[in-house]
Amino acid sequence: MVIPFGQPWITEEDRLAVDAALQRPILTHGPETEEFEREFSSFLGDAAHCVTVSSCMAALHLAYLSLDIGPGDEVIVPAQTHVATAHAVEIVGARPVFVDCELTTGNVFLEEIESALTRRTKAISVVHFLGIPVNMPRLADLAKRHGIYVVEDCALALGSRYEAKHVGLFGDVGCFSFYPIKHITCGEGGMFVSKHPELASKARLLRSFGTERSPSTCSKYDVSVLGLNYRLSEIGAALGRSQLRRIDTNLCRRARNFRVLRDLISGIPPISILDVQQNAMLSAYYCQQVLLQPPLAEKRDTIATQLRTMGVGTSTYYPHPVPRLKFYRAKYGWNSDRFPNAQRISDCSVALPIGPTLSESDIRYVGESFVAACNLWTH
Ligand SMILES: *Cc1c(COP(=O)(O)O)cnc(C)c1O
């Protein structure tokens, strides 16, 4: 039995959709990208303005460009996240100010944000860690009191809601990823989402060299801003649309797999499972993040290796707190006492697969293998 950690869920329908896109004369920025934006907006709700882009990193970069954040500005960034959340701040010349996370959800520790604010702070970025939504009403309230923007990294949070409202719609900009092993994929791709039409228009302009219209539909154009090429192709959009049609089944299977696996492993080895903490929170269940407690905590790598030999793929979210990564450590220094929770999550947790391609019996195998690997160290 071989169960990979992340496996894109590709069906015959997806292949037909891609093939149909390939048979049309327009291969980038045509009807597929426009429809994908409309359908994505209707899935999120609240008439969100959606702009297709080439990745979540591209969406995050466009977020700071469109908010006019740059040199001299500071942005609050969770220490426990994908490096893209911080890189997007760096790339516009602003300074990321890192804050620690909660041990129960992996989400940013709201109490710490207030003390990290300075008069240079222009925005707070948050990541919905592995699909667990941040308490956005509280965060939005904090941002409003201080008059600063909110950028939501929703790369692993398609389907996450807080009080029934989809994440990405609370802040000024929400950024989604369609990388192969996210909830849905375009091969590579992303979505810039905003409730402000003027921010969406800016992003639209910046994603395509700063041209007012798509070069494929207009041979004469002028350029008034310094833009990039962050376009999503028609082929990618066709795949994304086809995948989005199955999002409800996808989310149901993830939630079921999460519950089945949790029931198999919780209580047997000394672990805790990161999950939602309130009824108002609906997780998109990206994976099963298990935080190992002593004496398992220091055996994390050995347990992951053991699982691999049993045919169960695991992953690490994320291998380092961002400020511990070489680039950030060299630029801002690293103090190992500063982000204790983010460090524990990076060093002592194992992410187990619960994706939509896995059946209940696959999940049973994952659970039994995990318990067996842990038992080697506790008995
Ligand atoms: C994967 C991921 C990204 C990067 O997404 P890309 O589409 O590959 O740029 C950003 N943030 C988080 C939280 C992620 O997990």
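A residue counts as buried here when its relative accessible area is under 20%, as exposed when that area is over 50%, and as partly exposed in between (1.4 Å probe, protein chains only). The model is a predicted one, so local features need pLDDT of at least 70 and side-chain atom pairs count only at pLDDT 80 or more, while totals for chains, interfaces and linings use all residues. Residue numbers run from 1 along each chain as its sequence is written, and side-chain values use heavy atoms, with hydrogens and water left out.

Side chains of opposite charge can pair when their charged atoms come close. The structure holds 21 salt bridges (a side-chain nitrogen of Lys or Arg within 4 Å of a carboxyl oxygen of Asp or Glu). One of them pairs Arg338 with Glu112, with the closest N and O atoms 3.6 Å apart. Arg338 sits in the loop between helix H11 (326-332) and helix H12 (340-348) and Glu112 in helix H5 (residues 110-116), so this bridge ties together parts that are 226 residues apart in sequence. Helices (H or I, at least four residues) and strands (E, at least two) are DSSP runs, numbered from the N terminus. Glu112 is buried at 19% relative accessibility, whereas Arg338 is partly exposed at 34%.

Another bridge joins Glu360 to Arg364, the closest N and O atoms being 3.3 Å apart. These two lie four residues apart in helix H13 (residues 360-378), so about one helical turn separates them. Glu360 is partly exposed at 33%, and Arg364 is partly exposed at 36%. Elsewhere, salt bridges with shared partners join Arg24, Glu32, Glu39 and Arg241 into one network.
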